[in-house]
Amino acid sequence: MALAQFLFRGPYFLKSLTATSLGRMLKTPICSWNNYLRKVSVHGGKSISTKIVLGIETSCDDTGAAVVDETGSILGEALHSQTDVHLKTGGIIPPVAQQLHQENIARIVQHAVSASGVSMEDISAVATTVMPGLALSLGIGLKYSLELVKKHRKPFIPIHHMEAHALTVRLTNLVTFPFLVLLLSGGHCILAVAQGVSDFLLLGQTKDIAPGDMLDKVARSLSLHNHPECSGMTGGRAIETLAQQGNILRYKFTIPMQRYRDCTFSFAGLRSEITRKISKEEKEEGLQEGQHLSCIPDLAAASLYTMTVHIAERTHRAILFCKEKGIIPPGKETLVVSGGVASNQYVRRSLQLLADATNFTLVCPPPRLCTDNGVMIAWNGIEKLSAGLDIFYNVEHFRAPLGTDISEQVKEAFIKVPALNLAV
Ligand code: AMP
Ligand code: ZN
(Lines give C-alpha, C1' and ligand atoms only; values in the text may rest on other atoms or scores of the structure.)
(Ligands and ions follow the chains in the order given, each with its own letter.)
Protein backbone atom coordinates (compact mmCIF):
# COMPACT_ATOMS: atom_id res chain seq x y z
CA MET A 1 0.00 0.00 0.00
CA ALA A 2 1.31 3.43 -0.94
CA LEU A 3 2.28 5.79 1.83
CA ALA A 4 -0.29 8.32 0.63
CA GLN A 5 -2.99 5.68 1.00
CA PHE A 6 -1.72 4.83 4.44
CA LEU A 7 -2.12 8.44 5.48
CA PHE A 8 -5.60 8.77 4.09
CA ARG A 9 -8.49 8.18 6.47
CA GLY A 10 -11.86 8.97 4.92
CA PRO A 11 -13.32 12.08 3.30
CA TYR A 12 -12.66 14.48 6.15
CA PHE A 13 -9.00 13.50 6.52
CA LEU A 14 -6.28 15.54 4.94
CA LYS A 15 -4.22 13.33 2.65
CA SER A 16 -1.47 15.66 1.61
CA LEU A 17 -0.71 19.31 1.73
CA THR A 18 0.00 21.37 -1.35
CA ALA A 19 0.11 25.07 -1.93
CA THR A 20 -3.30 24.87 -3.62
CA SER A 21 -5.01 22.83 -0.91
CA LEU A 22 -3.47 24.99 1.78
CA GLY A 23 -4.46 28.19 -0.01
CA ARG A 24 -8.02 26.90 -0.47
CA MET A 25 -8.21 25.95 3.19
CA LEU A 26 -6.78 29.19 4.49
CA LYS A 27 -8.50 31.38 1.90
CA THR A 28 -5.20 33.32 1.84
CA PRO A 29 -2.92 33.90 -1.17
CA ILE A 30 -0.08 31.43 -0.65
CA CYS A 31 2.52 33.67 -2.32
CA SER A 32 2.36 36.16 0.54
CA TRP A 33 3.45 33.44 2.99
CA ASN A 34 6.17 32.23 0.66
CA ASN A 35 7.65 35.66 0.12
CA TYR A 36 7.77 36.23 3.82
CA LEU A 37 9.06 32.78 4.81
CA ARG A 38 11.90 32.87 2.28
CA LYS A 39 13.35 35.80 4.18
CA VAL A 40 13.59 34.40 7.69
CA SER A 41 16.47 32.39 9.09
CA VAL A 42 16.38 29.68 11.77
CA HIS A 43 16.95 32.14 14.55
CA GLY A 44 15.12 35.01 12.90
CA GLY A 45 18.43 36.86 12.54
CA LYS A 46 19.10 36.79 16.28
CA SER A 47 21.61 34.55 18.02
CA ILE A 48 19.87 32.19 20.44
CA SER A 49 21.89 29.59 22.35
CA THR A 50 19.06 27.19 23.23
CA LYS A 51 16.62 25.80 20.71
CA ILE A 52 13.05 26.44 21.84
CA VAL A 53 10.02 25.34 19.82
CA LEU A 54 6.36 26.27 20.09
CA GLY A 55 4.25 23.25 19.10
CA ILE A 56 0.61 23.48 18.01
CA GLU A 57 -1.76 20.51 17.66
CA THR A 58 -5.30 20.59 16.21
CA SER A 59 -5.50 17.39 14.16
CA CYS A 60 -8.64 15.99 15.74
CA ASP A 61 -10.53 17.06 18.87
CA ASP A 62 -7.81 18.45 21.17
CA THR A 63 -6.45 21.98 20.89
CA GLY A 64 -2.93 21.73 22.28
CA ALA A 65 0.08 24.02 22.51
CA ALA A 66 3.42 23.75 24.29
CA VAL A 67 6.83 25.36 24.48
CA VAL A 68 9.68 22.84 24.79
CA ASP A 69 13.43 23.36 24.74
CA GLU A 70 16.19 21.15 23.32
CA THR A 71 16.91 19.56 26.70
CA GLY A 72 13.32 18.27 26.76
CA SER A 73 12.11 20.69 29.40
CA ILE A 74 8.45 21.51 28.99
CA LEU A 75 8.51 25.24 29.63
CA GLY A 76 4.79 25.81 29.18
CA GLU A 77 1.78 23.90 27.92
CA ALA A 78 -1.99 24.17 27.55
CA LEU A 79 -4.68 21.81 26.30
CA HIS A 80 -8.38 22.14 25.57
CA SER A 81 -10.24 18.84 25.16
CA GLN A 82 -13.50 18.66 23.22
CA THR A 83 -14.39 15.23 24.67
CA ASP A 84 -17.45 16.43 26.62
CA VAL A 85 -19.04 18.01 23.56
CA HIS A 86 -18.39 15.02 21.30
CA LEU A 87 -19.66 12.54 23.90
CA LYS A 88 -23.00 14.37 23.88
CA THR A 89 -23.31 14.29 20.08
CA GLY A 90 -22.26 10.63 19.90
CA GLY A 91 -19.00 11.20 18.01
CA ILE A 92 -16.84 13.88 16.43
CA ILE A 93 -18.73 16.12 13.97
CA PRO A 94 -15.90 17.77 11.97
CA PRO A 95 -17.49 21.25 11.61
CA VAL A 96 -18.16 21.28 15.37
CA ALA A 97 -14.55 20.29 16.09
CA GLN A 98 -13.38 23.04 13.73
CA GLN A 99 -15.53 25.65 15.48
CA LEU A 100 -14.21 24.62 18.91
CA HIS A 101 -10.59 24.80 17.71
CA GLN A 102 -11.32 28.24 16.30
CA GLU A 103 -12.76 29.41 19.63
CA ASN A 104 -9.84 28.10 21.68
CA ILE A 105 -6.65 28.24 19.65
CA ALA A 106 -5.54 31.78 20.50
CA ARG A 107 -6.21 31.32 24.23
CA ILE A 108 -4.40 27.96 24.35
CA VAL A 109 -1.31 29.17 22.48
CA GLN A 110 -1.09 32.36 24.52
CA HIS A 111 -1.46 30.35 27.73
CA ALA A 112 1.36 27.96 26.77
CA VAL A 113 3.68 30.82 25.76
CA SER A 114 3.03 32.94 28.85
CA ALA A 115 3.38 29.90 31.16
CA SER A 116 6.77 29.17 29.55
CA GLY A 117 8.24 32.49 30.68
CA VAL A 118 9.87 33.02 27.28
CA SER A 119 8.76 35.54 24.70
CA MET A 120 8.01 34.83 21.04
CA GLU A 121 11.37 36.55 20.39
CA ASP A 122 13.19 33.64 22.09
CA ILE A 123 11.31 30.91 20.23
CA SER A 124 13.40 29.33 17.45
CA ALA A 125 10.53 27.94 15.34
CA VAL A 126 6.85 27.07 15.31
CA ALA A 127 5.99 23.39 14.71
CA THR A 128 2.44 22.41 13.78
CA THR A 129 0.62 19.20 12.90
CA VAL A 130 -0.17 19.31 9.17
CA MET A 131 -1.24 15.67 8.64
CA PRO A 132 -2.89 13.23 9.04
CA GLY A 133 -6.14 14.31 10.66
CA LEU A 134 -9.47 16.02 10.10
CA ALA A 135 -8.91 18.63 7.38
CA LEU A 136 -11.19 21.18 9.03
CA SER A 137 -9.41 20.81 12.38
CA LEU A 138 -5.90 20.85 10.88
CA GLY A 139 -6.76 24.01 8.96
CA ILE A 140 -7.35 26.00 12.15
CA GLY A 141 -3.95 25.15 13.68
CA LEU A 142 -2.20 25.74 10.39
CA LYS A 143 -3.82 29.11 9.70
CA TYR A 144 -3.07 30.31 13.21
CA SER A 145 0.54 29.05 13.01
CA LEU A 146 1.26 30.68 9.69
CA GLU A 147 -0.08 34.01 10.94
CA LEU A 148 2.16 33.62 13.98
CA VAL A 149 5.32 32.82 11.98
CA LYS A 150 4.62 35.76 9.71
CA LYS A 151 4.09 38.16 12.59
CA HIS A 152 7.13 37.03 14.58
CA ARG A 153 9.38 36.12 11.63
CA LYS A 154 9.95 32.50 12.62
CA PRO A 155 10.60 29.40 10.53
CA PHE A 156 7.84 26.81 10.23
CA ILE A 157 8.21 23.06 10.91
CA PRO A 158 5.35 20.89 9.57
CA ILE A 159 4.72 17.83 11.73
CA HIS A 160 3.36 14.39 10.86
CA HIS A 161 1.08 13.61 13.81
CA MET A 162 2.04 9.91 14.01
CA GLU A 163 5.76 10.70 13.93
CA ALA A 164 5.17 12.99 16.89
CA HIS A 165 3.44 10.17 18.80
CA ALA A 166 6.36 7.87 17.95
CA LEU A 167 9.11 10.27 19.08
CA THR A 168 7.47 11.52 22.31
CA VAL A 169 9.27 8.73 24.14
CA ARG A 170 12.65 10.37 23.38
CA LEU A 171 11.56 13.36 25.44
CA THR A 172 10.69 11.24 28.49
CA ASN A 173 13.18 8.36 28.24
CA LEU A 174 16.65 7.68 26.94
CA VAL A 175 15.68 5.83 23.75
CA THR A 176 18.00 5.86 20.75
CA PHE A 177 17.34 4.82 17.13
CA PRO A 178 16.46 2.28 15.87
CA PHE A 179 13.46 1.06 17.88
CA LEU A 180 10.23 -0.79 17.18
CA VAL A 181 7.17 1.39 17.70
CA LEU A 182 3.51 0.49 18.08
CA LEU A 183 1.07 3.38 17.73
CA LEU A 184 -2.43 2.79 19.06
CA SER A 185 -4.83 5.69 18.75
CA GLY A 186 -8.32 6.82 17.80
CA GLY A 187 -7.49 7.08 14.10
CA HIS A 188 -4.46 4.83 13.61
CA CYS A 189 -2.86 1.53 14.41
CA ILE A 190 0.71 1.27 13.13
CA LEU A 191 3.73 -0.97 13.65
CA ALA A 192 6.95 0.63 12.41
CA VAL A 193 10.67 0.73 12.96
CA ALA A 194 11.86 4.24 13.80
CA GLN A 195 15.32 4.46 12.23
CA GLY A 196 15.73 8.19 12.67
CA VAL A 197 13.78 11.43 12.73
CA SER A 198 11.28 11.24 9.80
CA ASP A 199 12.81 7.88 8.82
CA PHE A 200 10.44 5.00 9.48
CA LEU A 201 9.93 1.50 8.07
CA LEU A 202 6.22 0.70 8.08
CA LEU A 203 5.64 -2.96 9.00
CA GLY A 204 1.85 -2.92 9.20
CA GLN A 205 -1.22 -0.85 9.93
CA THR A 206 -4.95 -1.27 10.31
CA LYS A 207 -6.92 -2.08 7.18
CA ASP A 208 -10.12 -0.60 8.59
CA ILE A 209 -10.73 1.19 11.89
CA ALA A 210 -8.30 1.91 14.74
CA PRO A 211 -8.49 0.35 18.23
CA GLY A 212 -9.49 3.65 19.91
CA ASP A 213 -12.29 4.06 17.38
CA MET A 214 -13.45 0.51 18.11
CA LEU A 215 -13.49 1.11 21.87
CA ASP A 216 -15.32 4.44 21.40
CA LYS A 217 -18.00 2.74 19.30
CA VAL A 218 -18.41 -0.16 21.73
CA ALA A 219 -18.68 2.35 24.59
CA ARG A 220 -21.36 4.22 22.67
CA SER A 221 -23.31 1.00 22.05
CA LEU A 222 -23.18 0.40 25.82
CA SER A 223 -24.29 4.04 26.50
CA LEU A 224 -21.26 4.53 28.76
CA HIS A 225 -21.34 8.34 28.28
CA ASN A 226 -24.17 8.39 30.84
CA HIS A 227 -22.91 5.54 33.02
CA PRO A 228 -22.43 6.78 36.62
CA GLU A 229 -18.84 5.47 36.82
CA CYS A 230 -17.70 6.92 33.47
CA SER A 231 -18.66 10.57 33.55
CA GLY A 232 -16.65 12.65 31.05
CA MET A 233 -14.42 9.71 30.09
CA THR A 234 -13.44 8.85 26.50
CA GLY A 235 -14.88 5.54 25.31
CA GLY A 236 -11.54 3.76 25.73
CA ARG A 237 -11.07 4.94 29.27
CA ALA A 238 -14.66 4.02 30.17
CA ILE A 239 -14.13 0.48 28.83
CA GLU A 240 -10.88 0.20 30.79
CA THR A 241 -12.57 1.36 34.01
CA LEU A 242 -15.50 -1.06 33.79
CA ALA A 243 -13.41 -3.97 32.48
CA GLN A 244 -11.54 -3.99 35.81
CA GLN A 245 -14.68 -5.40 37.47
CA GLY A 246 -15.39 -7.89 34.66
CA ASN A 247 -14.72 -11.51 33.82
CA ILE A 248 -12.80 -11.88 30.55
CA LEU A 249 -13.92 -15.50 30.18
CA ARG A 250 -17.71 -14.98 30.15
CA TYR A 251 -17.81 -13.92 26.48
CA LYS A 252 -15.58 -15.25 23.75
CA PHE A 253 -15.03 -13.02 20.73
CA THR A 254 -13.07 -13.98 17.61
CA ILE A 255 -9.47 -12.77 17.54
CA PRO A 256 -9.12 -10.94 14.18
CA MET A 257 -6.93 -12.05 11.25
CA GLN A 258 -5.42 -15.14 12.84
CA ARG A 259 -4.95 -16.83 9.47
CA TYR A 260 -2.87 -13.93 8.12
CA ARG A 261 0.82 -14.09 8.98
CA ASP A 262 1.52 -10.38 8.63
CA CYS A 263 1.36 -7.26 10.78
CA THR A 264 -1.90 -5.91 9.39
CA PHE A 265 -4.57 -5.08 11.98
CA SER A 266 -8.35 -5.14 11.73
CA PHE A 267 -10.91 -4.04 14.32
CA ALA A 268 -14.11 -3.52 12.29
CA GLY A 269 -15.21 -7.18 12.40
CA LEU A 270 -14.56 -7.42 16.13
CA ARG A 271 -16.52 -4.23 16.70
CA SER A 272 -19.51 -5.67 14.76
CA GLU A 273 -19.34 -8.95 16.68
CA ILE A 274 -19.36 -7.10 20.01
CA THR A 275 -22.23 -4.78 19.00
CA ARG A 276 -24.28 -7.78 17.86
CA LYS A 277 -23.72 -9.40 21.25
CA ILE A 278 -24.74 -6.16 23.02
CA SER A 279 -28.02 -6.01 21.03
CA LYS A 280 -28.72 -9.65 21.86
CA GLU A 281 -28.10 -9.11 25.58
CA GLU A 282 -30.31 -5.99 25.53
CA LYS A 283 -33.19 -8.00 24.08
CA GLU A 284 -32.69 -10.81 26.59
CA GLU A 285 -32.56 -8.43 29.56
CA GLY A 286 -35.56 -6.46 28.21
CA LEU A 287 -33.65 -3.22 28.66
CA GLN A 288 -35.67 0.02 28.98
CA GLU A 289 -34.57 3.44 27.67
CA GLY A 290 -31.84 4.92 29.90
CA GLN A 291 -31.00 1.60 31.60
CA HIS A 292 -27.60 -0.12 31.42
CA LEU A 293 -26.94 -3.81 30.85
CA SER A 294 -25.95 -5.74 33.97
CA CYS A 295 -23.21 -7.57 32.01
CA ILE A 296 -21.32 -4.40 30.96
CA PRO A 297 -18.13 -5.19 32.96
CA ASP A 298 -17.88 -8.68 31.41
CA LEU A 299 -18.50 -7.33 27.89
CA ALA A 300 -15.93 -4.58 28.46
CA ALA A 301 -13.37 -7.08 29.78
CA ALA A 302 -13.85 -9.50 26.88
CA SER A 303 -13.68 -6.65 24.31
CA LEU A 304 -10.46 -5.30 25.80
CA TYR A 305 -8.96 -8.77 26.07
CA THR A 306 -9.70 -9.73 22.44
CA MET A 307 -8.44 -6.39 21.11
CA THR A 308 -5.26 -6.73 23.17
CA VAL A 309 -4.55 -10.31 22.05
CA HIS A 310 -4.84 -9.18 18.42
CA ILE A 311 -2.50 -6.23 19.00
CA ALA A 312 0.00 -8.38 20.90
CA GLU A 313 -0.01 -11.10 18.25
CA ARG A 314 0.82 -8.65 15.43
CA THR A 315 3.47 -6.98 17.60
CA HIS A 316 4.98 -10.38 18.40
CA ARG A 317 5.33 -11.05 14.66
CA ALA A 318 6.94 -7.62 14.16
CA ILE A 319 9.48 -8.43 16.89
CA LEU A 320 10.30 -11.80 15.29
CA PHE A 321 10.57 -10.14 11.84
CA CYS A 322 12.99 -7.50 13.15
CA LYS A 323 15.10 -10.22 14.79
CA GLU A 324 15.09 -12.44 11.69
CA LYS A 325 16.07 -9.58 9.37
CA GLY A 326 18.54 -7.98 11.79
CA ILE A 327 16.63 -4.67 11.55
CA ILE A 328 17.13 -3.98 15.24
CA PRO A 329 20.66 -4.88 16.34
CA PRO A 330 21.32 -7.03 19.44
CA GLY A 331 21.42 -4.94 22.60
CA LYS A 332 18.97 -2.38 21.18
CA GLU A 333 15.75 -4.38 21.44
CA THR A 334 13.23 -1.73 22.45
CA LEU A 335 9.48 -1.67 21.91
CA VAL A 336 7.90 1.78 22.25
CA VAL A 337 4.11 2.00 22.59
CA SER A 338 2.29 5.31 22.28
CA GLY A 339 -1.02 6.91 21.21
CA GLY A 340 -4.20 7.31 23.27
CA VAL A 341 -4.92 3.57 23.65
CA ALA A 342 -1.37 3.07 24.99
CA SER A 343 -2.49 4.80 28.17
CA ASN A 344 -4.54 1.66 28.89
CA GLN A 345 -2.93 -0.26 31.76
CA TYR A 346 -4.28 -3.64 30.65
CA VAL A 347 -2.76 -3.17 27.19
CA ARG A 348 0.54 -2.11 28.79
CA ARG A 349 0.66 -5.11 31.14
CA SER A 350 -0.01 -7.50 28.26
CA LEU A 351 2.67 -5.92 26.08
CA GLN A 352 5.04 -6.11 29.04
CA LEU A 353 4.49 -9.90 29.09
CA LEU A 354 5.27 -9.99 25.36
CA ALA A 355 8.39 -7.87 25.83
CA ASP A 356 9.59 -10.12 28.68
CA ALA A 357 9.04 -13.24 26.57
CA THR A 358 11.03 -11.83 23.63
CA ASN A 359 13.79 -10.02 25.56
CA PHE A 360 12.62 -6.60 24.45
CA THR A 361 12.44 -3.56 26.72
CA LEU A 362 9.00 -1.96 26.76
CA VAL A 363 8.96 1.83 27.01
CA CYS A 364 5.80 3.96 27.02
CA PRO A 365 5.50 7.71 27.51
CA PRO A 366 3.40 8.69 30.55
CA PRO A 367 -0.37 8.37 29.81
CA ARG A 368 -0.91 12.15 29.59
CA LEU A 369 1.64 12.32 26.75
CA CYS A 370 0.12 9.30 24.97
CA THR A 371 -3.09 11.15 24.07
CA ASP A 372 -2.93 14.17 21.75
CA ASN A 373 -1.10 17.21 23.14
CA GLY A 374 1.06 20.15 22.11
CA VAL A 375 4.17 18.82 23.88
CA MET A 376 4.71 15.99 21.41
CA ILE A 377 4.45 18.41 18.49
CA ALA A 378 6.93 20.85 20.04
CA TRP A 379 9.32 17.98 20.81
CA ASN A 380 9.09 16.69 17.24
CA GLY A 381 9.95 20.25 16.18
CA ILE A 382 13.03 20.16 18.43
CA GLU A 383 14.05 16.79 16.94
CA LYS A 384 13.71 18.17 13.40
CA LEU A 385 15.50 21.38 14.27
CA SER A 386 18.39 19.42 15.80
CA ALA A 387 18.57 17.12 12.77
CA GLY A 388 18.24 20.07 10.36
CA LEU A 389 15.19 18.44 8.76
CA ASP A 390 12.01 19.96 7.34
CA ILE A 391 12.56 23.53 8.49
CA PHE A 392 10.60 25.59 6.02
CA TYR A 393 10.94 29.12 4.85
CA ASN A 394 8.62 28.46 1.93
CA VAL A 395 5.22 26.81 2.26
CA GLU A 396 4.79 26.02 -1.40
CA HIS A 397 6.18 22.53 -1.15
CA PHE A 398 6.27 21.79 2.51
CA ARG A 399 5.73 18.21 3.50
CA ALA A 400 5.86 16.02 6.56
CA PRO A 401 7.40 12.73 5.39
CA LEU A 402 7.26 9.61 7.49
CA GLY A 403 8.84 6.59 5.87
CA THR A 404 8.88 3.52 3.64
CA ASP A 405 6.24 0.80 3.55
CA ILE A 406 7.79 -2.69 3.89
CA SER A 407 4.58 -4.51 4.94
CA GLU A 408 4.83 -6.77 1.83
CA GLN A 409 8.19 -8.06 3.09
CA VAL A 410 6.59 -8.88 6.45
CA LYS A 411 3.84 -10.80 4.64
CA GLU A 412 6.40 -12.71 2.55
CA ALA A 413 8.35 -13.69 5.69
CA PHE A 414 5.18 -15.62 6.74
CA ILE A 415 6.24 -15.84 10.39
CA LYS A 416 4.28 -18.14 12.71
CA VAL A 417 3.87 -16.59 16.13
CA PRO A 418 4.15 -18.94 19.13
CA ALA A 419 1.22 -18.92 21.58
CA LEU A 420 1.48 -16.49 24.49
CA ASN A 421 -0.92 -16.40 27.45
CA LEU A 422 -2.05 -12.81 27.89
CA ALA A 423 -4.93 -13.40 30.31
CA VAL A 424 -3.49 -10.99 32.87
P1 AMP B 1 -5.42 9.73 20.25
O2 AMP B 1 -6.13 9.51 18.92
O3 AMP B 1 -4.02 9.26 20.24
O4 AMP B 1 -5.61 11.09 20.81
O5 AMP B 1 -6.17 8.79 21.29
C6 AMP B 1 -7.55 8.92 21.51
C7 AMP B 1 -8.15 7.53 21.62
O8 AMP B 1 -7.58 6.87 22.76
C9 AMP B 1 -9.66 7.53 21.83
O10 AMP B 1 -10.23 6.62 20.91
C11 AMP B 1 -9.84 7.05 23.25
O12 AMP B 1 -11.01 6.31 23.47
C13 AMP B 1 -8.61 6.19 23.46
N14 AMP B 1 -8.21 6.10 24.86
C15 AMP B 1 -7.92 7.13 25.72
N16 AMP B 1 -7.63 6.63 26.95
C17 AMP B 1 -7.74 5.29 26.87
C18 AMP B 1 -7.59 4.21 27.79
N19 AMP B 1 -7.25 4.43 29.07
N20 AMP B 1 -7.79 2.95 27.35
C21 AMP B 1 -8.13 2.72 26.05
N22 AMP B 1 -8.30 3.67 25.14
C23 AMP B 1 -8.10 4.96 25.54
ZN1 ZN C 1 -3.05 11.12 18.11
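Is His-161 buried or exposed? In the predicted model, His-161 is buried, with a relative accessible area of 5%. His-161 is part of helix H7 (residues 161-167), whereas Asp-372 occupies the loop between helix H14 (367-370) and H15, so the pair ties together parts that lie 211 residues apart in sequence. Asp-372 has a relative accessible area of 13%, below the 20% limit, and is therefore buried.

The chain as a whole contains 16 helices and 11 strands. Of its 424 residues, 57% count as buried. Among contacts in the chain with a separation of 6 or more, 75% are accounted for by residues 24 or more positions apart.

One open sheet is formed by five strands in the order E3-E2-E1-E4-E5, with mixed pairing. Strand E3 (74-81) and strand E5 (156-160) are the edge strands, each of them pairing on one side only. From one strand to the next, the twist averages 20°. Within this sheet, strand E1 (residues 52-57) pairs with strand E2 (residues 62-69) in the antiparallel sense, over six bridges. In this pairing, Ile-52 is placed opposite Asp-69 in E2.

Helix H6 (residues 135-152) lies across E1, strand E4 (125-131) and E5, and runs at about 155° to E4. Helix H15 (residues 374-387) lies across E1, E2, E3, E4 and E5, with a direction at about 135° to E1. Gly-55 is located in strand E1 and counts as buried, at 0% relative accessibility. When residues up to four places away in sequence are not counted, Gly-55 touches Gly-64, Ala-65, Ala-66, Ala-127, Gly-374, Ile-377 and Ala-378. The C-alpha atoms of Gly-55 and Ile-377 are 4.9 Å apart in space, although the two residues are 322 residues apart in sequence.

A further open sheet comprises six strands in the order E10-E9-E6-E7-E8-E11, and its pairing is also mixed. Its edge strands, each pairing on one side only, are strand E10 (361-363) and strand E11 (403-405). Neighbouring strands of this sheet are turned by 25° against each other on average, direction ignored. Strand E8 (residues 199-205) pairs with E11 in the parallel sense over three bridges, and Leu-202 stands opposite Asp-405 in E11. Helix H13 packs on this sheet, where it touches strand E6 (179-184), strand E9 (334-338) and E10. The direction of H13 makes about 155° with that of E10.

Helix H13 (residues 345-358) also packs against helix H12 (residues 296-325): their axes come within 10 Å and cross at roughly 30°. Because angles under 35 degrees count as roughly parallel, H12 and H13 are assigned to that class. The crossing of these two helices is right-handed. On the H12 side, the contact involves Leu-304, Tyr-305, Met-307, Thr-308, Ala-312, Thr-315, His-316, Ile-319 and Lys-323. On the H13 side, these residues meet Tyr-346, Val-347, Ser-350, Leu-351, Leu-354 and Thr-358.

Helix H12 has another packing partner in helix H9 (residues 211-221), at an angle of about 170° and with the axes 11 Å apart. H9 is therefore roughly antiparallel to H12. In this pair, Pro-211, Met-214, Leu-215 and Val-218 of H9 meet Ser-303, Met-307 and Ile-311 of H12.

Leaving aside neighbours within four places in sequence, Asp-298 is in contact with Gly-246, Asn-247, Arg-250 and Tyr-251.

Notes. Residues are numbered from 1 along each chain as its sequence is written. Chains are lettered from A and ligands numbered from 1 in the order in which they are written. This is a predicted model: local features need pLDDT of at least 70, side-chain atom pairs count only at pLDDT 80 or more; totals for chains, interfaces and linings use all residues. Side-chain values use heavy atoms; hydrogens and water are left out. Two strands pair if DSSP finds at least two bridges between them. Helices (H or I, at least four residues) and strands (E, at least two) are DSSP runs, numbered from the N terminus. Axes are lines fitted to C-alpha atoms, for helices over the stretch in contact, and angles run from 0 to 180 degrees between N-to-C directions. Contact means heavy atoms within 4.5 Å. Buried means under 20% relative accessible area, exposed over 50%, partly exposed in between (1.4 Å probe, protein chains only). Angles under 35 degrees count as roughly parallel, over 145 as roughly antiparallel, 65 to 115 as roughly perpendicular and the rest as oblique. A crossing is left-handed if the near helix is turned anticlockwise from the far one by less than a right angle, and right-handed if clockwise.
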